[in-house]
Each structure stands twice: as structure tokens, then as C-alpha cells.
Amino acid sequence: RTNMDEFAMGSSCENSAFAKTANPWDIERVPGGSSGGSASSVSASMVPAALGSDTGGSIRQPAAFCGTVGLKPSYGIVSRYGLVAFASSLDQIGPITNTVLDSAIMLDIISGRDAMDCTSLELESGFANFADAAKNAESLRGARVGIPSECLDCEGLEDSIRRSVEKTIEIMRGLGAQIMTVSLPHWKYSVASYYVIAAAEASANLARFDGVRYGLREKTENLSDMYFSTREAGFGEEVKRRILLGTFVLSSGYYDAYYLRAQKARTLIRRDYEDAFKKCDIILTPVTPSLPFKFGEKSSPLQMYLSDIFTISVNLAGNCAISVPSEISPSGLPIGIQFVAPSNGEKILLSASAVFEKNREIKRFTPPETKRAVL
């Protein structure tokens, strides 16, 4: 069991109901979220692998912050049965590991049809075989790698992240991949669309935590007071914020103006990816716009929400994606690169990322012993 943001709502693990989790690379910095505990424990060599939940980047972002591999499978590849629901149309379970092959092995174990989840898919596994074969491949000849112009022109992208993406592009080109520019014209609407849709689904999913059927129950003299007291005590500030936002966008006077428009934008984002994948096999982007930040550094909710700007659109489209460590910044912090493939395109995704992993400059990302020992 590992620590995380409460109900998976957060990008730093600072919203935990228990305590803050530290980043093994620098214990004054966040490990990312919401699956910060999983990424931190793998990075610190406490465990060889861990599971995380990815609603808008909560596997890939902490994996990038902690120098580990984080795989977000296509929607439906892994059963959501047993997962406490946040946003049901976006949630997906996936592994956090030290290598691409380990993630593929984990995916073989946890994927497949589950009678308890009607959205789960029947599929042919063997992901580890593809990753293992790719690990020994000498080139990416014939692979088409798309670079979204909108991502590298994104305001707020730190120079160290941009340089890492450019370096990765050159590595992929040197391996024989064909590099091309693609466009995701509606990508800029992904953050706004996500926080409307996710909050709306969260408000519906968390309505069950009323003190009667699920979770905490506060002792009061009557039923109405029990509802109010239970939900006041049982939810943290960020969870309450999202429930209120979700209830607002689903209300009769605002449903069309917010929720319906967000769903239409989601469709356009998904079509943008479909059009892009007609030209390329995988898409390469940053995982995060910045390096791991210090605790308390991002006090504004909007600042925190923008931490997932490169990952959110993948969940809206239902695609698969992986964060792979690329290099260490001049300040000694890990940088991750994101590869995105079409829905059910895990085999090409794992193959390409395994080849990149083999040919990057740093072979294994291990945090400094002095800082890791503190954990």
C-alpha cells in the first residue's frame, strides 16, 4: 500500500489524507501525483514495481518526477474493478517500474477481460515479448514519430525539458525513425475540458460517500446533520473543491454551457489524435512542463492543474502512453519523455520506448544514496 493524493485528486501528493511523500531525488521536492507514493517507492528501490491510477496523468507525471517508467494503458485494457472511482470515463490502472520491460510484464499480468467491469476488453497479451524483442533491436527504421507543434510552443515549458525533448528527437532520428510534425489543434482545450468532465464525474461518484453506505460516518442526532458532518469531515479541501465544481457544471442552468461543451471538445481532441496517427505511429511530447517542484511552491490550484497539461489529452482520447526517463537535468533532477500511441497500440508503444531506453545516454536512473537513505 502506498500514499497518494486523496481520491487521486492532485498532482503533487500534497493532498494526502495522511502525510506528504518525498521525492527520493530531493526530499524537499514533491514526487508528483496522484500516485506519488508508488513512484517514490519504486525510485527508492523499496519495491521493484507498483500500481498507480491515471485519470489525467497520475501515473506518468510522478514517474517522470521520480525517474521511473510509468505506463498508462488504453482505456479498458485493465479492469477498474476494485478501484475507488474518481472519473469513470478517464480512470485507468497501470504500472510504475524501473524499466519498460518490467512495465510490459506487469501489463501482461493485470490486463484482460473482467466480468466485473463491463468496460474491460478481451485482448491478446504478450506485451513483454514485444518489449523484450525491441530491447535487443538495433534501430527504429520504418517507425514514424510525430512531434505536435503545439506542445513545444507551449508557454511555461522549462528550457531543460525542451532541450531533453530535442535531444530525444535526435536519438530517435539517429535510430532510423522518421520524424515529422503533426498538429493537435484542439489540444489547448484539454485542461479546461478535463477539469469540467472529471469534476462532474467525481461529484456523481463521490455522492455515495454519505455516511450510510460507504466510508466514514459521523455520529449526530439526525440524518440530515449526519450527511453534512460526514461529508465535511470525510473530504479534504481539494476534493470538496472538485465536488462543488462538478455539481455546478451539472446543474440545470449550466449543463449545456460547461459539461456539454467539454464533451464536444473531448470529441474534437480524440479526432485530432486519430488524424495524427494516420500520419505517424507514435507521438513524442514532454511529460511535464517543469522539473519536480518544492513542497508548497504551487499554492494556486490553477498552477497545480497545469502540471498535467501534456498528459490530460491522452486520457480524454482513451489512448495509451508511457513516461520514460530521458536524462538528468543540470540541477540533478530526472526528466521524463512521453510516448503516445493509438488506443490498443501498447505493442508499438512498448517497442519504441524500449529501443529508446536502450539507446539513451544514461542507462539506469538511481537517486543519490544520501538523499534516498533519508526515506
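Throughout this passage, a residue is called buried under 20% relative accessible area, exposed over 50% and partly exposed in between (1.4 Å probe, protein chains only). The structure is a predicted model, in which local features need pLDDT of at least 70 and side-chain atom pairs count only at pLDDT 80 or more, while totals for chains, interfaces and linings use all residues. Residues are numbered from 1 along each chain as its sequence is written, and side-chain values use heavy atoms, with hydrogens and water left out. Helices (H or I, at least four residues) and strands (E, at least two) are DSSP runs, numbered from the N terminus.

Glu238 is buried, as its relative accessible area is 9%, whereas Arg241 is partly exposed at 29%. A salt bridge is taken as a side-chain nitrogen of Lys or Arg within 4 Å of a carboxyl oxygen of Asp or Glu. Between Glu238 and Arg241, the closest N and O atoms are 2.2 Å apart. Both residues belong to helix 9 (residues 237-250), where they are three residues apart, or about one turn of the helix.

The structure holds 13 salt bridges. One of them joins Arg80 to Asp117, with 3.9 Å between the closest N and O atoms. This pair links distant parts of the chain, 37 residues apart: Arg80 sits in the loop between strand 2 (69-72) and strand 3 (93-97), and Asp117 in the loop between helix 3 (100-110) and helix 4 (127-135). Arg80 is buried, with a relative accessible area of 16%, and Asp117 is buried as well, at 5%. Another salt bridge is formed by Glu232 and Lys240, whose closest N and O atoms are 3.1 Å apart. Here Glu232 is exposed, with a relative accessible area of 52%, and Lys240 is partly exposed at 24%.

Turning to the aromatic residues, rings of Phe, Tyr and Trp (its six-membered ring) pair if their centres lie within 6.5 Å; planes under 30 degrees apart count as stacked, over 60 as edge-to-face and the rest as tilted. A search of the whole structure finds 13 such pairs. In the pair of Phe65 and Phe293, the ring centres are 5.8 Å apart and the planes stand at 85 degrees, so the arrangement is edge-to-face. Because Phe65 lies in helix 2 (residues 60-66) and Phe293 in the loop between strand 6 (282-286) and helix 11 (301-305), the pair ties together parts that are 228 residues apart in sequence. Both Phe65 and Phe293 are buried. The rings of Tyr254 and Tyr258, by contrast, are tilted, because their planes meet at 40 degrees, with the centres 6.2 Å apart. Tyr254 is partly exposed, at 37% relative accessibility, and Tyr258 is partly exposed with a relative accessible area of 37%.

One aromatic cluster consists of Phe7, Phe209, Tyr214 and Phe235. Arg208 lies over the face of Tyr214, at 5.8 Å from the ring centre; for this, CZ of Arg or NZ of Lys must be within 6 Å of the ring centre and within 35 degrees of the ring normal.
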